[in-house]
Amino acid sequence: MENIIISGMNPLNGSVELQGSKNSALPILAAAAAVDGISIIHNCPDLSDVDAAMKILDFIGCKTKREGHTVIVDSSGANASRIPERLMKEMRSSILFLGALLARFGCGCVSAPGGCEIGLRPIDLHLSAFRSMGAVIEDNGGLLECSAPLGLKGAALSLAFPSVGATENIMLASLGADGETVITNAAREPEIIDLARFLSSCGAEIIGAGESVIRIKGKAKLHGCEHRIIPDRIVASTYIACAASAGGKIAVKGVDCAHLSPVIPAFEAAGCIIHQSEKELTVKAPKKISRIKSLRTMPYPGFPTDSQAIVTAMLARSEGTSVIIEKIFENRFRHVPELIKMGADIRVEDGCVAVIEGVERLSGARVGACDLRGGCALAVAALGAEGETVIENIHHIDRGCESLESRLRELGADAKRIKTN
């Protein structure tokens with residue numbers, strides 16, 4: 001077990017290099033199983049979720065190797081279409097391997113995925129789409145046995161909600177389908193575009209990624225490719241919130257500012273001064289954080305649910321009352337009781353509305369991360385708190401934020417990781 005300890009009230013200064021996107025790396029690693037040959041994936045973050053994806057690839061017969069931030073996947077020897085529960089439970093995105101297995105082998109057997117407990121994230125959209133494409137799915141005691149006795153067929157699919165995971169899984173399964181698959185009300189996130197770029201480099205025919213309608217022509221001959229993962233927009237917003245909470249001025253390097261357009265207005269409304277260039281963003285913290293009257297999470301290009309927790313933590317010390325409405329996942333305010341331990345004045349109404357009454361000061365406390373983004377929110381609050389904060393259960397943070405305490409230390413924070421019994 002390890003904890004992160006942060007002593008607050010130390011302004012941040014300097015620059016930090018942004019990691020590759022977790023939410024892009026995981027579907028692309030799953031996609032590497034659907035193609036034949038060697039894929040070289042650059043800017044792949046060093047995260048426990050990436051390690052979990054590599055374990056799955058190894059289990060189904062691929063050969064994987066990491067060289068710094070490059071992961072090499074040789075899928076030519078892939079020969080297994082069944083993933084054990086112990087590997088599926090390590091992360092949420094493991095369900096994406098089902099679409100990849102259907103494309104590669106025409107069948108697949110998986111259990112329900114694991115990961116952060118931030119809500120049900122039902123996979124019914126995924127399974128319904130697969131059935132529409134000709135898959136037969138049986139639930140045998142929690143194991144999903146999927147096959148396509150007559151082969152997968154392209155289909156016209158309309159999603160009830162623009163789910164990122166469902167869009168990605170359908171894109172992967174469509175690679176092995178006869179004819180064209182059309183996804184209407186598809187997710188539009190930058191990570192969808194990155195997956196399409198990877199697959200297109202592998203020989204797939206995909207039109208419309210990043211738009212609400214995506215078309216995929218199946219049965220193209222697919223091969224490995226060389227690809228670079230996009231920067232992590234959620235971690236970038238975490239660094240901005242850290243600077244706003246601690247004070248000071250920092251630069252985030254290697255960022256794609258276009259991907260941050262949904263969050264920048266919120267930080268500017270809070271008083272941050274932000275300057276953007278092609279691959280760098282600088283943020284100067286306000287003397288006092290301003291309230292944000294109302295903020296609602298929405299699918300891209302709306303404000304991302306993954307950035308909600310860190311903004312909630314930043315606003316704990318704002319002037320006035322802020323309201324955040326969370327409509328994507330039902331368990332996205334699990335970090336609030338931990339912030340209250342530090343002196344925050346936040347109440348959650350109807351499970352989906354957080355009313356934040358800004359307080360003058362927060363105090364360090366022993367708190368626990370209950371999911372990835374909530375854990376990062378505790379670090380944001382700790383940077384602006386008086387005294388020492390001990391963050392437990394940091395394995396959640398390690399799922400998606402690479403060496404958070406080391407990056408904060410580079411910026412002048414008093415942050416360290418310690419082993420504990």
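The model is predicted.

The largest nonpolar core holds 75 residues. Within this core, L29, I83, M171, L172, L175 and L199 touch the most other members. Leaving out residues up to four places away in sequence, I83 touches I56, F59, I60, M88, F97, L101, C109 and V110. A second, separate core has 71 residues. Among its members are A246, V359, A385 and L411.

Helix α4 spans residues 96–105. Of its 10 residues, 8 are buried, so the helix is largely enclosed by the rest of the structure. The buried residues are L96, F97, L98, G99, A100, L101, L102 and A103. Helices α1 (22–32), α2 (48–59), α5 (124–132) and α6 (164–174) are included in it. Strands β6 (107–111) and β8 (143–147) also contribute. After α4 comes G106. The phi angle of G106 is positive, near 80 degrees.

Strands β6 and β8 belong to an open sheet of 3 strands. The strand order is β6-β8-β7, and the pairing is antiparallel. The edge strands are β6 and β7 (136–140), each of which pairs on one side only. On average, neighbouring strands of this sheet are turned by 15 degrees against each other, direction ignored. Strands β7 and β8 run antiparallel and are joined by 5 bridges. In this pairing, D139 stands opposite L144 of β8. Helix α4 packs on the sheet and touches β6 and β8. The direction of α4 makes about 160 degrees with that of β6.

Strand β3 was examined next. Strand β3 pairs with two other strands. It runs antiparallel to β5 (residues 70–74), with 4 bridges between them. Here the bridge partner of I41 is V71. Strand β3 also runs parallel to β13 (residues 226–228), to which 3 bridges join it. In β13, R228 is the bridge partner of H42.

A further strand, β16, spans residues 280–284 and contains T282. T282 has a relative accessible area of 18% and is therefore buried, the cut-off being under 20%. Apart from neighbours within four places in sequence, T282 is in contact with I250, A251, I273, I274 and H275.

Across the whole structure, 24 salt bridges were found. One of them joins E90 and K55, with the closest N and O atoms 3.7 Å apart. E90 lies in the loop between α3 (85–88) and α4, whereas K55 lies in helix α2, so the pair ties together parts that are 35 residues apart in sequence. E90 is partly exposed, at a relative accessible area of 32%. K55 is also partly exposed, at 42%.

A salt bridge also links the side chains of R215 and E180, at 3.3 Å from N to O. R215 belongs to strand β12 (residues 213–217) and E180 to strand β10 (residues 180–184), so this pair ties together parts that are 35 residues apart in sequence. R215 is partly exposed, with a relative accessible area of 37%. E180 is partly exposed as well, with a value of 33%.

The salt bridge between R373 and D306 has its closest N and O atoms 3.8 Å apart. R373 lies in helix α12 (residues 372–383), and D306 lies in the loop between β17 (295–296) and α10 (308–315), so the pair ties together parts that are 67 residues apart in sequence. R373 is buried, with a relative accessible area of 6%. D306 is buried too, at 15%. Salt bridges also form a network, which links E2, D398, E405, R417 and K419.

How values were computed. Residues numbered from 1 in each chain as written. Predicted model: local features only at pLDDT ≥ 70, side-chain atom pairs only at ≥ 80, totals over all residues. Heavy atoms only, no water. Buried < 20%, exposed > 50% of the residue type's maximum accessible area, 1.4 Å probe, protein only. Contact = heavy atoms within 4.5 Å. Core = buried A, V, L, I, M, F, W, Y, C linked by side-chain atoms within 4.5 Å. Pairing = 2+ DSSP bridges. Salt bridge = Lys/Arg side-chain N within 4 Å of Asp/Glu carboxyl O. Axes fitted to C-alpha atoms, helices over the stretch in contact; angles between N-to-C directions.
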